[in-house]
Amino acid sequence: MSFKMTKTAVAVSAALLTLSAGSALASEPSLGDGPIRIVMPYGAGGSTDITARIIAANAAEHCGSRIDVVSMPGAGGMEGLQFVADAEPNGHTILMADYSATITQTLTEDTPWEVEDWVPVVHLTDWKPTVYAKADHAIQSIEDWIELAEAEPNSLVFGHADPLSLVHLPLVLLELETGIQNVHLPTTGGGETRTMILGGHIDLGMTLPPSIVSNVNNGEVTAIGVFADERSDVLPDVPTFKEAGYDVSFEAPLLVYTFSSVAESIQQELSECIMTGLESDTAQAMGRQASAGLENVQGLESAQAVYRDTTERVREVLAAIGEG
């Protein structure tokens, strides 16, 4: 038996096929195939690297692609940012950084991009810059430091990573607040700073709590103060500088960014799949073990609001110290 289709039936069938094809295309992830690279403008092994690897281990299945972590610390981090900016705008090359790279260096150096060219899609956590000294050093508290620095200006050597970074700007703010003077010694990063502290080569250093929690717990160093509104969950016994009477707080949001050329739909998809991965029990357990602070990860809207606020704060600080 054969059936003859009328012109109307043919037209309806064609329309349904077209609609079906369109629906299939619309349902495909806009990210497409191929690995996603999280680029960090820092060396491997630090707190940011650990957090990136937690994302890679838990968000890949939700983003539909393998996630690789790439460390590019060259040229003070600018190599990594350039790599992301030059990548195909398909969401497969993203940046993970604090404000030092995307805001401070952009405002103080001649870069081919503006602050607004970096679009945060996930707000992972807020780093709390922490000052520490060797456990047998004369300085074992904020009060010890201020008293000695006032009595002997420029006698204390303070080690920190990149100038005007999240582990340097709070020191500058405290010096403006108190009038104390320290010798600033830039290092290659938190690892070198810690080595110099433990070796007794410098007096003080600044880092992030997860980087020194084991050294604090085993009695090698003393964390003396945190530049934040509230104490660190990682080092709950360490007071904030505000508690000591100094109105200096400068937390650093850790953000995942795309470059502005990436479509908004892809930005949203990245935000959602990364957040979904980090909400899993496995990711949360890994975060707790690494003291990564991933209990309250926020999405695109919150990340962009935090970025705008941080940009204004950094602009104000740079203007106050004559930079930028």
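Good morning. In this structure, strand β3 and strand β10 (residues 252-259) pair in the antiparallel sense through 3 bridges. Strands here are DSSP runs of E of at least two residues, helices are runs of H or I of at least four, and both are numbered from the N terminus; two strands count as paired if DSSP finds at least two bridges between them. Within this pairing, Ala97 stands opposite Leu255 of β10.

Please note that the model is predicted, with local features requiring pLDDT of at least 70 and side-chain atom pairs pLDDT 80 or more, while totals for chains, interfaces and linings use all residues. Residues are numbered from 1 along each chain as its sequence is written, and side-chain values use heavy atoms, without hydrogens and water.

Strand β3 also pairs with strand β1 (residues 36-40); these two run parallel and are joined by 3 bridges. There, Ile38 is found opposite Ile94 of β3.

Is β3 buried or exposed? Because 5 of the 5 residues of β3 (residues 93-97) are buried, the strand is largely enclosed by the rest of the structure. Buried means under 20% relative accessible area, exposed over 50%, and partly exposed in between, using a 1.4 Å probe and protein chains only. Thr93, Leu95 and Ala97 point one way from the strand, Ile94 and Met96 the other way, and all are buried.

I turn now to the pockets. A pocket is an open set of points on a 1 Å grid over the protein atoms alone, with protein on both sides within 12 Å along at least five of seven lines, and lining residues have an atom within 4 Å of a point. Volume is the space filled by probe spheres set on the points, which are joined across faces, edges and corners.

The largest pocket has a volume of about 790 Å³. Its lining holds 35 residues, and Tyr42, Gly43, Ala161, Gly189 and Gly190 are the closest to its centre. Helix α7 gives the largest share of this lining, 4 residues. The lining divides into 14 nonpolar, 17 polar and 4 charged residues; Ala, Val, Leu, Ile, Met, Phe, Trp, Tyr, Cys and Pro count as nonpolar, Asp, Glu, Lys and Arg as charged, and the others, including Gly, as polar.

Of its 21 lining residues, Thr125, Asp126, Asp233, Gly293 and Glu295 lie nearest the centre. Strand β4 supplies the largest share, 5 residues. This lining comprises 6 nonpolar, 7 polar and 8 charged residues.

Notes:
1 Å grid on protein atoms, 1.4 Å probe; cavity = no way out; pocket = protein on both sides within 12 Å on 5 of 7 lines; lining within 4 Å.
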